[in-house]
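I opened this notebook to keep a record of what I looked up, entry by entry. The sequence and the structure come first, and my notes follow them.

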Amino acid sequence: MPTRVPRRSMEDSDPIANAIAPPQNESPAAKEIRIQKERAAKQVSDAIDAELSREQASEKKRPKPVKILLLGQSESGKSTTLKNFQLLYEPKAFRAERASWRAIVQLNVVRSIHVILDAITRSQNPNERPPSARSSVSSSDSLRIDSELAHLKTRLSSLLDIEKRLLKRLSLPGSTEWEPTERPLASPRKRQSREIAVNSTVAWKGAFTKGRESFDSDHQVDWDDPEDPGILLHARSEDMKRLWAHPTVQAILEKQSIRLQELAGFFLDSLDEVTSLRYVPTDDHILRARLKTLGVSEHRMRLSDPNGGMSRDFRIFDVGGTRSLRAAWVPYFEDMDAIIFLAPISAFDQVLAEEPTVNRLADSYKLWTSIVSNKLLQSTNVILFLNKVDIMHAKLASGIRLSDFVDSYGRRPNDFDSASRYLKKQFNAILKQNSPVPRIFYCHLTNAIDTKSTKFVLAGIKDMLMRVHLQESHLIL
Ligand SMILES: Nc1nc2c(ncn2[C@@H]2O[C@H](COP(=O)(O)OP(=O)(O)OP(=O)(O)O)[C@@H](O)[C@H]2O)c(=O)[nH]1
Ligand SMILES: [Mg+2]
């Protein structure tokens with residue numbers, strides 16, 4: 001039997017009880033005041049408890065948030081779709097981040113210039129092969145680099161410094177992964193496949209917006225920031241324009257099959273704007289800015305339903321689409337109301353940056369198959385965005401043939417309508433064949449950098465999800 005320890009009075013043992021116990025020689029008047037105070041404090045405490053339980057009860061009554069997961073290969077347009085949601089439903093927060101996106105646009109500009117400088121170097125060294133899988137360079141591709149071009153190349157090399165400065169600021173511990181473009185020119189293929197990436201769970205944007213005193217109050221840009229590369233970019237603006245417009249450069253890019261206009265984060269046609277001294281990115285520029293995502297990030301917003309005047313909490317999850325990051329998607333499969341799957345149809349002639357033997361369209365088919373066949377997702381609405389239709393239009397119009405990359409396309413006409421109809425059918429067939437349960441095929445042709453058209457698509461999806469969600473919550477019949 002356990003021995004009984006004699007109980008000591010609380011006052012003896014408990015320092016807290018000792019501290020709050022009434023004074024030993026308390027007068028009757030002091031006692032009365034103390035009791036009144038205690039009663040008042042208890043009333044306040046009871047009121048707080050009641051309020052908390054009311055809140056908990058209404059929390060239980062409130063419909064669950066609508067959850068959307070954005071999926072698709074890297075560069076398919078997931079983060080751009082998220083930006084569209086934010087622009088539509090949280091415009092204030094979206095615009096407060098202009099200063100951060102300004103730095104990304106500047107980085108994107110510098111990166112494009114480096115792609116050109118590398119292409120020039122490669123054209124002088126025929127043994128180097130360009131990164132694109134469908135291009136090759138032979139010794140006959142060498143083009144004469146005149147002295148003007150050679151000078152431009154030397155002067156623009158100083159942009160490396162801007163890149164280093166910006167990346168240093170962006171690379172808060174654990175927030176980013178990057179590789180500067182200054183490594184020796186010996187491995188251009190590897191260099192182009194790497195780009196800056198941000199771990200979405202870390203507030204990288206804070207590096208450009210917090211703790212500064214000289215903010216432009218409208219745009220949150222610190223014009224007195226000594227680290228701001230805007231001045232150097234402005235000083236090199238004419239050189240950049242001349243480089244981009246140089247006929248030899250255009251010829252070199254064409255020979256190496258580098259279509260810069262189609263690369264993510266292309267701003268060379270807007271150099272006047274983006275290198276102006278007081279440049280602040282427009283909404284359009286923010287949507288076009290490219291920053292690769294690492295990890296998974298959750299974005300909360302409250303969306304209203306125009307029909308019932310009600311509002312719902314939405315949670316949108318953005319993930320990194322690079323192959324090595326896809327395993328991180330799975331824990332988010334449970335409990336999603338919808339998946340927006342992005343397939344960039346213009347990428348039919350491109351390969352994955354991380355796996356240069358894999359065609360991008362083939363990768364999208366494979367990913368789509370694995371998503372629609374997944375049992376965990378069988379009751380999740382799957383919405384397909386056949387994205388980058390603007391680039392698809394331009395590509396087909398420039399004479400690049402879909403049938404050269406997709407055998408089954410056969411002799412169908414190489415125009416946008418026929419091509420998009422065909423691809424839509426292919427994705428629909430995959431859904432029908434692989435879905436564990438019959439499902440509706442929701443599909444949109446999208447251009448995620450066009451806010452106007454995307455706005456209608458997203459509003460339609462929001463209304464549809466609200467309706468489905470309310471039906472499931474038995475709030476409407
Ligand atoms: N022209 C054009 N560009 C687009 C479109 N959608 C996205 N982009 C651009 O393509 C690039 C890549 O888009 P992101 O949204 O960053 O791609 P992502 O799917 O988030 O890529 P990861 O984060 O690597 O998984 C960005 O520079 C976008 O501006 C489109 O419909 N048309
Ligand atoms: Mg992304």
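The entries below go from the whole chain to the sheet, then to the ligand and the annotated positions.

**Entry 1: ground rules.** I am working with a predicted model, in which local features need pLDDT of at least 70 and side-chain atom pairs count only at pLDDT 80 or more, while totals for chains, interfaces and linings use all residues. Residues are numbered from 1 along each chain as its sequence is written, and chains are lettered from A and ligands numbered from 1 in the order in which they are written.

**Entry 2: the whole protein.** I looked up the secondary structure and found 19 helices and nine strands, where helices (H or I, at least four residues) and strands (E, at least two) are DSSP runs numbered from the N terminus. Of the 477 residues, 34% count as buried; a residue is buried if 20 or more other C-beta atoms lie within 10 Å of its own, exposed if 12 or fewer, and partly exposed in between, with C-beta atoms placed from the backbone. I also noted that, among contacts with a separation of 6 or more, 75% come from residues 24 or more positions apart, a contact being two residues whose C-beta atoms, placed from the backbone, lie within 7 Å.

**Entry 3: the sheet.** In what order do the strands of the open sheet lie? I read six strands in the order β5-β6-β1-β7-β8-β9, with mixed pairing, and two strands pair here if DSSP finds at least two bridges between them. The edges are β5 (296–304) and β9 (442–445), each of which pairs on one side only. On average, neighbouring strands of this sheet are turned by 20 degrees against each other, direction ignored; axes are lines fitted to C-alpha atoms, for helices over the stretch in contact, and angles run from 0 to 180 degrees between N-to-C directions.

Entry 4: β1 pairs with β6 in the parallel sense over five bridges, and the bridge partner of Leu70 in β6 is Asp318. Five bridges also join β1 to β7, again running parallel, with Leu69 bridged to Ile339 in β7. By contrast, β5 and β6 (residues 311–319) run antiparallel and are joined by nine bridges, and there Arg302 stands opposite Asp313 in β6.

**Entry 5: helices on the sheet.** Helix α4 (residues 78–89) lies across β1 (66–72), β5, β6 and β7 (338–344), and runs at about 155 degrees to β6. Helix α16 (residues 360–372) also packs on the sheet, where it touches β1, β7 and β8 (381–387), and its direction makes about 165 degrees with that of β7.

**Entry 6: around ligand 1.** Which residues come nearest to ligand 1? Of the 25 residues around this ligand, I listed Gly77, Ala264, Arg290, Thr293 and Gly321 as the nearest, a residue being near if its C-beta atom, placed from the backbone, lies within 6 Å. The elements giving two or more residues to this shell are α4, α15 (283–288), β4 and α17 (389–397), and α4 gives the most, with three. The shell divides into five nonpolar, 13 polar and seven charged residues, with Ala, Val, Leu, Ile, Met, Phe, Trp, Tyr, Cys and Pro counted as nonpolar, Asp, Glu, Lys and Arg as charged, and the others, Gly among them, as polar.

**Entry 7: annotated positions.** The UniProt record, an unreviewed entry, places the feature "binding site" at positions including Leu287, Lys292 and Thr293; its positions are given in the numbering used here, feature names are shortened, and annotations may be inferred rather than shown by experiment. Thr293 is in strand β4 (residues 292–294), and it counts as buried because it has 21 C-beta neighbours inside 10 Å. Leu287 is in helix α15 and touches Thr80, Lys83, Ile449 and Thr451, not counting residues up to four places away in sequence.

**Entry 8: two positive phi values.** Glu75, although not a glycine, has a positive phi of about 70 degrees, and it is found in the loop between β1 and α4. Is Glu75 buried or exposed? With 25 C-beta neighbours inside 10 Å, Glu75 counts as buried. Asp335, in the loop between β6 and β7, has a positive phi near 75 degrees, but with 10 C-beta neighbours inside 10 Å it counts as exposed.
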